[in-house]
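The following note sets out a reading of the model in numbered points. Please consider it alongside the sequence and the coordinates.

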Amino acid sequence: MNHLPVFFRIFFFLASATSILWLSLDPAPPVPAWEVLSWDKLQHALAYAVLALSTGGVLQMFRRSPRVTWAGAFAVSLGFGVGMEILQKLLTSNRQFETLDILADGIGALLAAAFAFWWQRSRVPQSGVNR
């Protein structure tokens, strides 16, 4: 039973990373019917917020401080975003490297990681020691 949370954390991370990889490299990705969600930069921010949360879930298994966990989740997510932009430039003919996409990725990842850090810290009684 102890392995279920680990399995789900790893599955959620792999599912989010694989989904982003597929949607980033698909020459004709699906377009949401809801107009607000069809805005490209919002899609980037939401996708990388989910990636940051799933990455943080995996990093929590290493029992690091919340600051290290969520800073790492942000860094991994942003690095993944940069990697996806590079792959789009190299592997696709109808996609290109976009700096604004990386900015949207970073904003989504930062907001999610900051919220998760705040949430985790607010739920743990403070012992007076600065982590």
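1. In this predicted model, residues 24 or more positions apart account for 70% of the contacts in the chain with a separation of 6 or more. Of the 131 residues in the chain, 30% are buried.

2. The secondary structure consists of four helices and zero strands. Along the sequence, this gives the pattern α-α-α-α.

3. How do helix 2 and helix 3 cross? The axes of helix 2 (residues 40-59) and helix 3 (residues 66-91) come within 8 Å, and they cross at roughly 135 degrees. Angles over 145 degrees would count as roughly antiparallel and those from 65 to 115 as roughly perpendicular; helix 2 and helix 3 are therefore oblique to each other. Their crossing is right-handed.

4. On the side of helix 2, the contact with helix 3 is formed by H44, Y48, L51, A52, L53, T55, G56, G57 and L59. Helix 3 contributes T69, W70, G72, A73, V76, S77, F80, G81, M84 and E85. By class, the residues of this contact comprise ten nonpolar, eight polar and one charged.

5. Which residues make up the largest nonpolar core? This core has nine residues, namely A17, I20, Y48, A49, L51, A52, M84, A109 and A112. Two or more residues come from each of helix 1 (3-25), helix 2 and helix 4 (99-123). Helix 2 gives the most, with four residues. As a general matter, nonpolar side chains in soluble globular proteins tend to be buried together.

6. Apart from neighbours within four places in sequence, Y48 is in contact with I20, S77, F80, G81, M84, D105, G108 and A109.

7. L87 is found in helix 3 and touches L21, L25 and T92, not counting residues up to four places away in sequence. L87 and F97 are ten residues apart in sequence, with a C-alpha to C-alpha distance of 8.4 Å.

How values were computed
Residues are numbered from 1 along each chain as its sequence is written. This is a predicted model: local features need pLDDT of at least 70, side-chain atom pairs count only at pLDDT 80 or more; totals for chains, interfaces and linings use all residues. Side-chain values use heavy atoms; hydrogens and water are left out. Axes are lines fitted to C-alpha atoms, for helices over the stretch in contact, and angles run from 0 to 180 degrees between N-to-C directions. Angles under 35 degrees count as roughly parallel, over 145 as roughly antiparallel, 65 to 115 as roughly perpendicular and the rest as oblique. A crossing is left-handed if the near helix is turned anticlockwise from the far one by less than a right angle, and right-handed if clockwise. Contact means heavy atoms within 4.5 Å. Ala, Val, Leu, Ile, Met, Phe, Trp, Tyr, Cys and Pro count as nonpolar, Asp, Glu, Lys and Arg as charged, and the others, Gly among them, as polar. A nonpolar core is a set of buried Ala, Val, Leu, Ile, Met, Phe, Trp, Tyr and Cys residues joined through side-chain atoms within 4.5 Å. Buried means under 20% relative accessible area, exposed over 50%, partly exposed in between (1.4 Å probe, protein chains only).
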